[in-house]
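Morning, everyone. I have one model to walk you through. Please look at the screen.

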Amino acid sequence: MVGVPIVVSGCPNSFEQVIRTQPVLPDSQRLAVGDIDKVLSALRPLQLLGQRTGATHAAVHLDSEGNILAIREDVGRHIALDKLVGHLCRAGRRDGAILVTSRASFEMVQKCASAGVEILLAISAATELAVERAEQTGLTLVGFCRPGRAEIYSGCQRILLK
């Protein structure tokens, strides 16, 4: 059996097939940099599953004042985001921002852009491809969100430095 090619029907066979063309997002949302600290300080008590296990990620929907509107948790960072995006789509919400307690991948950028969410915040770094996709879709991408610190990778006009 050595050397027999494995063919999986329906699976993409190149990286380009995974990248989706998406329209550029509108520029209607704003978030003050100080509100990032606000959501970070309010987050830990709301991560109930994370408190019990110490092994989960969270995805958080926040309004333009940094108030947490919804939170979803899962052991998988992408699953936590999928749960939150599903909630937002069912509710018809596209406002505010999303914070993930992980690094930001290009898939996360694509999910937020597909849902019409203009701002993605991440506790850790963003991948190079995530930054490229954020620039292409017009999404604001902010990484290394820690108290008193944030690295704006793209869409800086949406983050108010007051």
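This is a predicted model. The chain has a mean pLDDT of 89. Of its residues, 87% reach 70 or more. Where is confidence lowest, and where is it highest? The lowest is helix α2, residues 48-53, with a mean of 73. The highest is β5, at 98.

Now the sheet. Six strands make it up, and it is open. Read across, the order is β3-β2-β4-β5-β6-β7. The pairing is mixed. Which strands sit at the edges? They are β3, residues 68-74, and β7, residues 149-154. Each of these pairs on one side only. Neighbouring strands are turned against each other by 20° on average, ignoring direction.

Take one pairing in detail. Strand β2, residues 57-62, runs antiparallel to β4, and four bridges join them. Look for His-61: its bridge partner in β4 is Ile-98.

Next, the helices on the sheet. Helix α3 packs there and touches β2, β3 and β4. The direction of α3 makes about 140° with that of β3. Helix α4 also packs on the sheet, touching β4, β5 and β6. For α4, the angle is about 150°, taken against the direction of β5.

Let's stay with α4. That is residues 106-115. How many of its 10 residues are buried? Eight are, and the helix is mostly covered. Among the buried ones are Phe-106, Met-108, Val-109 and Cys-112.

What does the covering? Part of it comes from strands, including β4 at 97-100, β5 at 119-122 and β6 at 140-146. Helices contribute as well, including α3 at 77-91 and α5 at 128-137. After α4 comes Gly-116. Its phi is positive, near 85°.

Last topic, the cysteines. A disulfide is a covalent bond between the sulfur atoms of two cysteines. Cys-89 has a relative accessible area of 48%, so it counts as partly exposed. Exposed would need over 50%.

That's the tour. Over to you.

Terms used:
Residues numbered from 1 in each chain as written. Predicted model: local features only at pLDDT ≥ 70, side-chain atom pairs only at ≥ 80, totals over all residues. Heavy atoms only, no water. Buried < 20%, exposed > 50% of the residue type's maximum accessible area, 1.4 Å probe, protein only. Helix = DSSP H or I, 4+ residues; strand = E, 2+ residues; numbered from the N terminus. Contact = heavy atoms within 4.5 Å. pLDDT = per-residue confidence, 0-100. Pairing = 2+ DSSP bridges. Axes fitted to C-alpha atoms, helices over the stretch in contact; angles between N-to-C directions.
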